[in-house]
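Please read them with the structure open.

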Amino acid sequence: MKMLFALFYLPLWMVVAVWVILRRKKALDENDLAMRAMLLNDIYYALPVPKGRFERMLIQKIIAYIEREKAAMLDLQRLGVRGIGMLPK
Amino acid sequence: MKRLSILMLLIGLVSLSCASVYSLDFYSTVAGMRAAAAGRSGTAIYEGHNLFVMIWPHRGQYAFAVINQQGDVVDDLLRMVNANGVNVYRMSDLIRWMESNGFKQVDPKSLPVSITSVLLSQVMAAVANGSRALITPLILPAGALEYNPYPYVEVQQ
């Protein structure tokens, strides 16, 4: 089983690193939106089991954030949003 | 390895609050689109080529969302913003480009009912407020709950 996880799942630090790098993009098209949703899913499944109180609090916050983002992503899809972005004034 | 994972999570959280790496979230996009559909100050909606571009202020910058239909124009627009082109650096550049390509500013009231009804609905309000207890309507045919799929199975005691 561990072999399977090692084969098909990226370690958490790697997924978070990719996510932080991809967040720097100014505009996201449909593919980027899908990629971001997939990354959030990967982070969710790669989260460790919390042991201390601080870890539990941290991971709860992350799970709440991921759930919120996924709910919003579904609504954006329902609206037919093809892209989002941000620019300075 | 576990310490490294926790460290990376902390870096991710810091990046959320750090303006230099701050990006647009899905959650804040929904909230911004709701503000634009409601016609709040500082927001704008452009329409053209069967597309709607919603613009709203976001953390000292301007965010935008492109809704629907013709893929080519959307791709052009996003490619320019992603700085593969050299024309669009600021929101004013984007607006200038849109206006020269047949887009015009419209009143939020002229948005199609399908878009406003979704954006201003209660479910979307729950999403925009970050609620984790979303309303899930479940539609069942009448009498479905009384239907027994295994009428001849006897329970042995």
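**Notes on the predicted model**

1. Start with a helix pair. In this predicted model, helix 2 (residues 12-22) of chain A packs against helix 3 (residues 30-46) of chain A at an angle of about 150°, and their axes are 9 Å apart. An angle over 145 degrees counts as roughly antiparallel. Helix 2 and helix 3 of chain A are therefore roughly antiparallel to each other. Their crossing is left-handed.

2. Which residues of helix 2 and helix 3 of chain A meet? Helix 2 of chain A brings A:L12, A:V15, A:V16, A:V18, A:W19 and A:L22. Helix 3 of chain A answers with A:M35, A:R36, A:L39, A:D42, A:I43 and A:A46.

3. Now the whole of chain A. It has four helices and two strands. From the N terminus, their order is α-α-β-α-α-β. Of its 89 residues, 27% are buried. Take the contacts in chain A with a separation of 6 or more: 70% of them are between residues 24 or more positions apart.

4. Helix 4 of chain A deserves a length check. It has 27 residues, which at 1.5 Å a residue should span 39 Å. The C-alpha atoms at its ends are 39 Å apart, so the two values agree. Just after this helix, A:G80 takes a positive phi of about 80°.

5. Which residues of helix 4 of chain A are buried? They are A:R68, A:E69, A:A71, A:A72, A:M73, A:D75, A:L76 and A:L79. Note that the list includes A:R68, A:E69 and A:D75 as well as A:L76 and A:L79.

6. Look at A:M73 in particular. It sits in helix 4 of chain A. A residue is buried if 20 or more other C-beta atoms lie within 10 Å of its own. A:M73 has 22 C-beta neighbours inside 10 Å, so it counts as buried. Setting aside neighbours within four places in sequence, A:M73 is in contact with A:A37 and B:F26. The C-alpha atoms of A:M73 and A:A34 are separated by 9.0 Å, while the two residues are 39 residues apart along the chain.

7. Chain B next. It has six helices and four strands. Along the sequence they follow the pattern α-α-β-β-β-α-α-β-α-α. Buried residues are 31% of its 157 residues. Among chain B contacts between residues at least 6 apart in sequence, 49% join residues at least 24 apart.

8. The largest nonpolar core has 40 residues. Those with the most contacts inside it are B:A36, B:V53, B:M54, B:I55, B:F64, B:A65 and B:I67. From chain A, strand 1 (27-29), helix 4 (53-79) and strand 2 (81-87) each give two or more residues to this core. Helix 2 of chain B gives the most, with eight residues. In soluble globular proteins, nonpolar side chains tend to be buried together.

9. What does B:I55 touch, not counting residues up to four places away in sequence? It touches B:A36, B:T43, B:A44, B:Y62, B:F64 and B:M91.

10. There is also a second, separate core of five residues. It includes A:L12, A:W13, A:V15 and A:I43. Point 2 lists three of these names too: A:L12 and A:V15 from helix 2 of chain A, and A:I43 from helix 3 of chain A.

How values were computed:
Residues are numbered from 1 along each chain as its sequence is written. Chains are lettered from A and ligands numbered from 1 in the order in which they are written. A residue is buried if 20 or more other C-beta atoms lie within 10 Å of its own, exposed if 12 or fewer, and partly exposed in between; C-beta atoms are placed from the backbone. Two residues are in contact if their C-beta atoms, placed from the backbone, lie within 7 Å. A nonpolar core is a set of buried Ala, Val, Leu, Ile, Met, Phe, Trp, Tyr and Cys residues joined through C-beta atoms within 7 Å. The expected span of a helix is 1.5 Å times one less than its number of residues. Axes are lines fitted to C-alpha atoms, for helices over the stretch in contact, and angles run from 0 to 180 degrees between N-to-C directions. Angles under 35 degrees count as roughly parallel, over 145 as roughly antiparallel, 65 to 115 as roughly perpendicular and the rest as oblique. A crossing is left-handed if the near helix is turned anticlockwise from the far one by less than a right angle, and right-handed if clockwise.
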